[in-house]
Amino acid sequence: MAEIPIIWILGGPGCGKGTQCAKIVEKYGFTHLSSGDLLRNEVASGSDKGRQLQAVMASGGLVSNDEVLSLLNDAISRAKGSSKGFLIDGYPREKNQGIEFELRVAPADLALYFECSEDTMVQRIMARAAASSVKRDDDNEKTIRARLLTFRQNTNAILECYEPKTLTINAERDVDDIFLEVVQAIDCVLKKKQQNAAQC
Ligand SMILES: Nc1ncnc2c1ncn2[C@@H]1O[C@H](COP(=O)(O)OP(=O)(O)O)[C@@H](O)[C@H]1O
Ligand SMILES: [Mg+2]
């Protein structure tokens, strides 16, 4: 795994993680793994495990890391033979998730933190919900508030722990302006990895 980049995509609900990931995938061909999507797929499968996950997700809380990390680890193992890089979207949601990921999977090369006010996040989630034909169970006002609280309680510890490899990006701007900064950061990581590979 040392030769391909692993990038964590951090930020509160509705800050624009999925939007930026789609643009990164288009430009770099990386593998996009959203922890939320992996969990929602599990719920959609109708399994017993899915029903338990659904209850936690509908409360706005965090699913156990064993569940999330297993899903991520399986998806990474399946893709790693052919992947150019991984975007791990919406993970880690708390500090220990990051620590366990790096122990069990691989160190992350970069964390991009999309910083955004709570007002903007709520507005964007509401607009997303209104525009989407697929309704997310957790995009109602009560659950959004709980998700924001969960996010607020955990984020500072993550940012402190991973400060050396985190880039904070002002996500209140236009999608394309944000992306320019994202591209600079990713190009820098790719360059460093090439240099390291050349030295080995
Ligand atoms: N920079 C931005 N400016 C305005 N709207 C945005 C921006 N980024 C995302 N959005 C919109 O906000 C909503 C939530 O974005 P999304 O990428 O789904 O967030 P997340 O994956 O972080 O929950 C979407 O409807 C998207 O179109
Ligand atoms: Mg998303």
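**View 1. The crossing of α1 and α8 is right-handed.** Right-handed here has the near helix turned clockwise from the far one by less than a right angle. Thr19, Gln20, Lys23, Ile24, Lys27 and Tyr28 of α1 meet Val175, Ile178, Phe179, Val182, Val183 and Ile186 of α8; contact needs C-beta atoms, placed from the backbone, within 7 Å. Eight of these residues are nonpolar, two polar and two charged (nonpolar: Ala, Val, Leu, Ile, Met, Phe, Trp, Tyr, Cys and Pro; charged: Asp, Glu, Lys and Arg; polar: the others, Gly among them). The packing angle is about 55 degrees, with the axes 10 Å apart (lines fitted to C-alpha atoms over the stretch in contact, angles from 0 to 180 degrees between N-to-C directions).

The model is predicted: local features need pLDDT of at least 70, side-chain atom pairs 80 or more, while totals for chains, interfaces and linings use all residues. Residues are numbered from 1 along each chain as its sequence is written, chains lettered from A and ligands numbered from 1 in written order.

**View 2. 15 residues surround ligand 1.** A shell residue has its C-beta atom, placed from the backbone, within 6 Å. The closest are Gly16, Lys17, Gly18, Arg124 and Arg128. Helices α1 (17-28), α6 (118-131) and α8 (175-199) each give two or more residues (DSSP runs of H or I, at least four residues; strands, E, at least two; numbered from the N terminus). The shell divides into six nonpolar, five polar and four charged.

**View 3. Cys15 lies in the loop between β1 (6-10) and α1.** Cys15 counts as buried, with 26 C-beta neighbours inside 10 Å (buried: 20 or more; exposed: 12 or fewer; partly exposed: in between). Beyond four places in sequence, Cys15 touches Phe114, Cys116, Met121 and Ala171. Cys15 and Cys116 are 101 residues apart in sequence, yet 6.0 Å apart C-alpha to C-alpha.

How values were computed:
Two residues are in contact if their C-beta atoms, placed from the backbone, lie within 7 Å.
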